[in-house]
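Biologist: I am new to this structure. Could you please take me through it?

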Amino acid sequence: DVAMVFQQPVLFPKRNVRRNIAFPLEIGRQPADEIRERVGAEARALHIEALLRRQPDQLSAGEAQAVQIARALVKQPSVLLLDEPFAQVDAHQTATLRREVMLIQRGFGVTTVLAANEPADAMAMGDHVAVIDDGRLVQWDTPLSVYERPRTVNAALLTGPADVIEVEVTGDGDGSWLVRPGLRIRAWAPAVAAHRGRRLQMVVRPEWWQLDPTGLIEAVVIRAGGVGPVSSLWCDVGGQPMTVTLPADATAETGDRIRLRLERYVLIDPATGRRIDVATER
């Protein structure tokens with residue numbers, strides 16, 4: 001009782017769309033009336049009713065993938081395997097298909113395994129996320145935990161937007177500093193002090209920056225953009241390009257010099273490739 005959606009659409013070429021979707025119900029010897037009803041309901045949910053009479057060679061790649069997903073979902077399987085199911089689909093259709101998969105996944109308790117290269121799919125659909133790097137499992141946790149506390153640089157990059165910069169750990173009598181040209185951040189954790197004199201990798205998500213007139217970090221806005229509730233800034237921080245996401249009312253123009261405060265970061269030890277466990281700096 002397993003259904004599979006492949007990355008590339010795989011449809012029966014001599015069956016029209018309706019009969020492709022109906023196939024798992026037909027081999028399950030479901031009554032004709034029930035097959036008709038369930039195929040119609042799945043087609044309406046995915047907004048592909050107009051395609052039911054077409055042949056596979058009359059479909060676009062996105063349409064064919066929607067049909068393949070409908071065929072997998074119509075049988076209400078116990079286990080659903082998804083191999084990059086939205087790779088051939090446009091953004092609008094992806095939202096519809098993702099929603100329908102999540103409805104059956106949660107509504108019917110379907111165990112789902114999703115392989116994805118697109119962070120939005122994994123983070124939106126998964127109860128847990130497994131990050132696999134070069135064939136090795138490097139992190140297994142909830143999407144929020146992986147996003148906020150990635151264990152490796154690649155775990156950060158694979159699960160959402162992030163910048164990775166190299167910082168040097170220096171110290172004084174009161175604590176440690178994370179420094180590079182244009183950037184100086186106080187770090188109190190003993191785990192950081194243990195790395196004084198070394199270079200570490202700092203992972204920063206765009207929304208972890210705050211616009212602060214008294215901030216210690218000066219940046220030059222290279223380009224400003226974004227619509228809706230956030231504003232995206234592409235900034236130069238001591239020669240390092242950084243992406244900064246701010247509330248829409250915190251506007252800045254191209255060429256502006258702004259001051260920033262970093263509310264959260266993750267430090268990676270390049271010698272081990274692993275996260276250094278420190279409390280979030282505020």
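Modeller: One term is needed at the outset: buried means under 20% relative accessible area, exposed over 50%, and partly exposed in between (1.4 Å probe, protein chains only). At 47% relative accessibility, Arg 223 counts as partly exposed. This is a predicted model, in which local features need pLDDT of at least 70, side-chain atom pairs count only at pLDDT 80 or more, and totals for chains, interfaces and linings use all residues. Residues are numbered from 1 along each chain as its sequence is written, and side-chain values use heavy atoms, with hydrogens and water left out.

Biologist: Where does Arg 223 lie, and what does Arg 223 touch?

Modeller: Arg 223 belongs to strand β11, residues 217-225. Helices (H or I, at least four residues) and strands (E, at least two) are DSSP runs, numbered from the N terminus. Leaving aside residues up to four places away in sequence, Arg 223 touches Ser 232, Leu 233, Trp 234 and Thr 254, where contact means heavy atoms within 4.5 Å. The C-alpha atoms of Arg 223 and Leu 233 are separated by 5.9 Å, and the two residues are 10 residues apart along the chain.

Biologist: Now the helices. At what angle do α1 and α2 cross?

Modeller: The axes of helix α1 (residues 17-27) and helix α2 (residues 32-45) cross at roughly 130° and come within 10 Å. That makes α1 oblique to α2. Angles under 35 degrees count as roughly parallel, over 145 as roughly antiparallel, 65 to 115 as roughly perpendicular and the rest as oblique. The axes are lines fitted to C-alpha atoms, for helices over the stretch in contact, and angles run from 0 to 180 degrees between N-to-C directions.

Biologist: Which residues meet there?

Modeller: From α1, Arg 18, Ile 21, Ala 22, Leu 25 and Glu 26 meet Ile 35, Arg 38 and Val 39 in α2. The residues of this contact divide into five nonpolar, no polar and three charged. Here Ala, Val, Leu, Ile, Met, Phe, Trp, Tyr, Cys and Pro count as nonpolar, Asp, Glu, Lys and Arg as charged, and the others, Gly among them, as polar.

Biologist: Which residue forms a salt bridge with Glu 26?

Modeller: Glu 26 pairs with Arg 15, the closest N and O atoms being 2.9 Å apart. Glu 26 lies in helix α1 and Arg 15 in the loop between β1 (2-5) and α1, so the pair ties together parts that are 11 residues apart in sequence. A salt bridge is a side-chain nitrogen of Lys or Arg within 4 Å of a carboxyl oxygen of Asp or Glu. By this rule the count comes to 16 salt bridges.

Biologist: Are Glu 26 and Arg 15 buried or partly exposed?

Modeller: Glu 26 is partly exposed, at a relative accessible area of 30%, whereas Arg 15 is buried, at 15%.

Biologist: And how do α3 and α4 run?

Modeller: The axes of helix α3 (residues 61-73) and helix α4 (residues 91-107) come within 11 Å and cross at roughly 5°. That makes α3 roughly parallel to α4. By class, their contact has six nonpolar, two polar and two charged residues.
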